[in-house]
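Hi,

Here is the structure I promised to pass on.

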Amino acid sequence: MQASLDDIINRYKAGSRESLLPLLQDIQIEFGYLNEEAILKVGQHIKLPSSKVYGIATFYDQFRFVQKGKFHIKVCRGTSCHMHGSLNILREVERVLNLKEGQTSRDGRFSLEAVSCMGACGSAPVLNVNGEFKTAIAIPDIAQIINFYKSTI
Amino acid sequence: MLFDIEVNGKTIKAKREDTILMALERNGLKVPTLCHIKDLLPSGACRMCVVEVEGRQGLIPACSHPVEEWMKVRTHSPRVIKARKTNTELLLSNHPDDCLYCERNGNCELQKLAEDLNVRERRFYGKKNKYKTDPSSASLLRDPAKCILCGRCIRICEEIQKITALEFIGRGNKTQVGPAFNKGMNLSSCINCGQCVMVCPTGALAEKQYPAKLQDALHNPAVKTVIQCSPTLSVTLAEEFGLRAGKDIEGIMYAALRKLGFDFVFDTSFGADLLITEQATEFYNRLKEGTILPMFSSCCPAWIKYIEQTHPDLLGNVSACKSPQQMLGALVSNHFAPLAGMSADDIYSVSAMPCIAKKFESQREQMTHKGITDVDLVLTTRELARLIRLNGIDIEQVDPEHSDQPYQSRSTAGKMLAVSGGLTEALIRTLHFLITGKETSLLKIQELRSGKGRKEYFVKIGEYKLGFAVVNGIGNVEPLISEIKKGRTDIHYIEVMACDGGCVGGGGQPIHPENNNIKARAKSIYELDEKESNKFAHQNASLQSVYNLFLLNPGSEVSLTHLYTTYEEREVMR
C-alpha cells in the first residue's frame with residue numbers, strides 16, 4: 001500500500017531543517033515526483049518557507065516536479081555516451097515523442113529525462129525505459145523502441 | 001583592536017574581525033560591489049570587490065575575506081581591473097541591453113560599473129536566456145531578464161524582513177530568482193514592502209506603474225484630478241532634485257503638483273490627523289469596554305497583509321481604521337465630491353506615497369465600492385519626482401503654496417506618521433485629551449525616537465496605566481507577537497511599520513545605493529514638530545470643521561461607513 005504524504009512527513013521531526021533532503025527523497029521515491037502540496041507541507045513541517053524548499057529542490061537534478069509517465073525514458077548524457085552522440089539521441093527522442101527533456105506527455109504515457117551516467121559506459125550510447133536498458137542504440141532504433149512501448153498500452 | 005595593513009602602498013588601520021571591505025570603507029577607500037548589503041553577512045556572489053593580496057595566487061573577494069595583519073592589498077591593480085571588467089562584460093552578455101528603456105536608466109549599479117570600467121564594446125556573444133516578466137503583483141514588477149543574481153533581494157527579504165518570498169530557483173546558467181514554484185508574486189508571501197526594490201542593483205525589481213493612465217486623466221477636461229501626498233513626501237522629494245536630504249519643501253511641493261495639472265492638492269497628513277483622532281477613539285473605547293487588546297495599528301498595508309496571512313487569529317486586534325491614504329480617499333469620494341458639486345466618478349484620485357504596498361492597498365476589495373476604487377492610482381516618491389522632471393518644473397523656481405480646502409490644515413502629529421514611533425506619539429497626545437480632557441505636556445518621547453527596531457514605552461494617562469510597543473522593520477515583529485500570544489498583558493497598543501525607520505525608509509523612496517538618508521528625513525520631521533504650533537491631531541481646524549459638518553464625531557455612523565474597514569484571512573504560499 002502506498003504511504004500517504006503525511007505518513008512520510010511525520011517520519012521526521014517537526015522543525016528539523018536538516019531532514020529536508022531525505023524527506024524530499026522519500027516523497028519522490030513514493031510518488032515519483034514532488035508536487036506543490038508536498039513542498040508546501042514539507043515547508044510547514046520543518047519550518048522552512050516554501051520558496052526555500054522549492055529553491056533547494058530545484059537546485060538538485062534528482063528531483064522532479066512533474067509526474068512520471070507510464071514509461072519513463074532516461075537518456076544517458078554521461079561522458080562516454082556523449083562521445084557516442086547521445087545529444088542526437090536525446091534530440092531524436094524529443095522529436096519522436098514531441099516532448100522536451102523533463103516533460104511528461106499530456107496523455108501521461110511517456111516522460112523524458114536526461115541523466116548524468118547510468119554506469120553502462122561500455123555499451124554507449126544507452127537509454128533506459130522503466131529500468132530496462134537499451135544499449136548501443138542508433139538514431140533509427142529510437143522510433144522503433146518507442147513504437148514498441150506505444151503498442152503495449 | 002587596531003593594526004596596520006598596507007593598501008595600495010599606504011598604511012591604513014584595520015580592525016580585527018573586519019572583512020577587507022570593511023577595513024577599506026572605514027578608511028574611505030572604495031571598491032565596487034553589486035551584492036554586498038551593509039550589516040548583513042557577506043555572500044560573495046558578484047565577485048566585483050576582488051582585490052589582489054600579495055602572496056596569494058588568486059584574487060580575493062574583499063567583502064567576505066577577513067582582514068589580516070600581514071596583508072598588502074592592491075585594490076585597483078591592472079589584474080584586478082581586468083577581472084572586474086571581464087565580470088561585468090559577462091554579466092552584460094546575458095543582459096537585455098535595453099538601458100534606454102529601463103526604469104533604472106541613470107541610477108543602475110550595473111550600468112555605472114560598466115561605465116566606470118570603460119566597457120565600450122561587446123566581447124562576449126552568446127544565447128541569452130529567455131524570461132517572462134511577472135506582472136501579477138499589484139505593487140511589484142519583476143523582470144528576471146535584468147536580474148544579475150546578486151541575491152540582495154533574497155537576503156533582505158529573508159534576513160531583514162523575515163518574509164522569504166524570494167529564492168534562487170534552479171542552478172547553473174538557468175538559475176533565476178523567484179517565489180515558490182516560480183509562480184506570480186501575487187500568490188507568494190510577499191507583503192509588498194518594496195525593500196527588495198531598494199536594494200536591487202538593476203531594474204529587475206521595480207514598482208508597478210501606469211504613467212499613461214495618469215497623463216490621460218491629467219489632460220482630460222472632463223475629469224477632475226485630485227492628488228494627496230504622504231506626510232513623508234515633503235521631506236524626501238528635495239533629494240531627487242539635488243537638494244539637501246531631509247529638506248522640507250511642503251509648499252513648493254503643493255505648487256509643483258498644481259503645475260503638473262492636478263485640480264486639487266491635498267495632504268495625507270490631514271488623513272493622518274483623521275486617523276489619529278479615530279484610532280485614539282477606537283482605542284479608548286476598547287480600554288473602557290475591556291475588549292480585545294492590545295490593539296494593533298492599521299496604517300501600514302504591508303503589515304496588514306502580513307498579519308492577514310500569518311496570524312489571522314489576531315485580526316480582531318487590528319484597529320478597524322483605514323489608513324490615512326484610504327481615509328482621505330474615502331472623504332474625497334464621499335465628502336469633497338458632493339461639496340464641490342461633482343460625482344465621485346468624475347474624480348481621478350491619485351496619491352503620492354513613499355511606499356509600494358499602498359498600490360496594493362488601494363486595490364483591496366474592501367477599499368472599493370461596486371468595483372470602483374477610492375484611490376485610483378498610487379505614485380511612489382520616485383514616480384512623482386520623475387513626473388515633475390518630465391513636465392520641466394524647476395523646483396527651485398517654484399513659490400510655495402498651500403494645499404486646498406476643505407482639508408487644508410494639518411497638525412505636526414499627522415506629519416509624525418512618517419517616522420517609526422510617530423504614530424504612537426501622536427496617538428498618545430490625542431488619547432490624553434480624550435481621557436483627561438486636557439492637553440498633554442508630554443511632547444517628546446525619547447524612548448520612541450531611537451533607531452531601534454523595537455521600542456517600548458509605559459505611561460500613566462488618567463486612571464490608565466498603558467504600555468505602547470513600536471516595531472519598525474517587519475522582521476522585528478514576530479518576537480513581540482509570540483510574547484503577546486504567550487499572555488503578555490502590559491502592552492495595550494502596538495504600532496507596526498514594515499520598513500526600517502517607518503515610512504521615511506519606505507520601498508517607494510529614492511534609491512541611493514550608498515546612503516539611504518532615513519535619519520535626515522526623520523530629523524526633519526521631528527524639527528517640524530518642534531517648530532510648529534499645532535501639535536495635536538484633534539486641534540486641526542480643517543478636521544474640526546469636517547467633523548462639525550460631515551462626520552459629526554469620531555466613531556459616528558458616518559465615520560464607521562467611510563473610514564473603517566475589515567480584514568480577511570489570506571491563503572498564500574508560505
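To start with chain B: in what order do the four strands of the open sheet come? The order is E12-E19-E18-E17, and the pairing is mixed. Keep in mind while you look that this is a predicted model.

The edges of that sheet are taken by strand E12 (295-296) and strand E17 (454-461) of chain B. Each of these has a single partner strand, so one side of each has no neighbour in the sheet. For E12(B), the link is to strand E19 (residues 493-497) of chain B: the two run parallel and are joined by two bridges. If you want to find the spot, B:Met295 has B:Tyr493 in E19(B) as its bridge partner.

There is also a helix to look at here. Helix H15 (residues 477-485) of chain B lies across E17, strand E18 (464-472) and E19 of chain B. Relative to E18(B), H15 runs at about 150°.

Now for where the two chains meet. Chain A puts ten residues into the contact and chain B puts in 15 residues. On the chain A side, helix H3 (36-46) and helix H4 (50-59) each supply at least two residues. H4(A) gives the most, with seven residues. By type, the chain A side splits into four nonpolar, four polar and two charged residues.

Last, the domains of chain A. The assignment gives domain 1 as 5-59 and domain 2 as 71-152. Taken over C-alpha atoms, the centres of domain 1 and domain 2 of chain A are 29 Å apart.

Cheers

Note on methods: Residues are numbered from 1 along each chain as its sequence is written. Chains are lettered from A and ligands numbered from 1 in the order in which they are written. This is a predicted model: local features need pLDDT of at least 70, side-chain atom pairs count only at pLDDT 80 or more; totals for chains, interfaces and linings use all residues. Two residues are in contact if their C-beta atoms, placed from the backbone, lie within 7 Å. Ala, Val, Leu, Ile, Met, Phe, Trp, Tyr, Cys and Pro count as nonpolar, Asp, Glu, Lys and Arg as charged, and the others, Gly among them, as polar. Two strands pair if DSSP finds at least two bridges between them. Axes are lines fitted to C-alpha atoms, for helices over the stretch in contact, and angles run from 0 to 180 degrees between N-to-C directions. Domain bounds come from an automatic or database domain assignment.
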